[in-house]
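Biologist: Could you take me through one part of this model in close detail? I would like to hear about the aromatic rings and their surroundings.

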Amino acid sequence: MLEKKSTRVRKEEIIQAALEVVGKNGVRALTIAAIAASAGMSEANIYRHFSGKDDIYSAVAEFIGSSVMSNASAIAGGSRKPLEKLETIYFSHVALIIEHPGIPRFVFSDDIHLGQRNLADTLALRIGNYIETITGVIAAGIAEGDLKPGLSPRETALTLLGMIQFTTLRWTISNASFEIRPEAEKLWQNFLILIR
């Protein structure tokens, strides 16, 4: 007999299945039936844990926000040098996108921006916090003399995130026709030349 899984584990499986559906077919393909098929469970089981699609949208948005922000906050609060922190945050973000291609499809989707305004606002708030975290790391790097003194911390943070987002957008639009990690590494090396 199969071991009964906890509600938390089931919810995580459903969120991962939803991201898998979005990663393969976009937000519009995100139906309870598609999530159930991806998760290998019945639609009734999905409804035991979520009230419907909007509830799943919220859970996916929360997963994205906490995955990116919690990781960045933990790294920023660590004892390493600011430039090491920045590199770890950058490549952790890239690794998360590679692991979950549904994340950029969800975040970039008009179905979310226009059709789920409260989720868009939540994501915008999380992105704002993420920018502030990276800004703080860059400001510390400037103060410690590791980064150019004339850099603007916030604009440098936005440049770093822009490298990730534009590469991810190209990768998503091209249906993952190139490997994102080597591209991210080249951009990072170029970014170092600009900021040191």
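Modeller: Happy to! Let's start with two residues: both F91 and W188 are buried, where buried means under 20% relative accessible area, exposed over 50% and partly exposed in between, using a 1.4 Å probe and protein chains only. A word on the model: it is predicted, so local features need pLDDT of at least 70 and side-chain atom pairs pLDDT 80 or more, while totals for chains, interfaces and linings use all residues. Residues are numbered from 1 along each chain as its sequence is written, and side-chain values use heavy atoms, leaving out hydrogens and water.

W188 and F191 form a tilted aromatic pair, with 5.7 Å from centre to centre and 40 degrees between the planes. Rings of Phe, Tyr and Trp (its six-membered ring) pair if their centres lie within 6.5 Å; planes under 30 degrees apart count as stacked, over 60 as edge-to-face and the rest as tilted. W188 and F191 are three residues apart in helix α10, so about one helical turn separates them. Helices here are DSSP runs (H or I, at least four residues), numbered from the N terminus. The relative accessible area is 1% for W188 and 2% for F191.

Across the whole structure, a search finds five aromatic pairs. In one of them, the ring centres of F91 and W188 are 6.1 Å apart and the planes meet at 70 degrees, so this pair is edge-to-face. It links distant parts of the chain: F91 belongs to helix α5 (residues 82–99) and W188 to helix α10 (residues 180–195), 97 residues apart. Ring pairs join Y90, F91, W188 and F191 into a cluster.

Conventions:
Helices (H or I, at least four residues) and strands (E, at least two) are DSSP runs, numbered from the N terminus.
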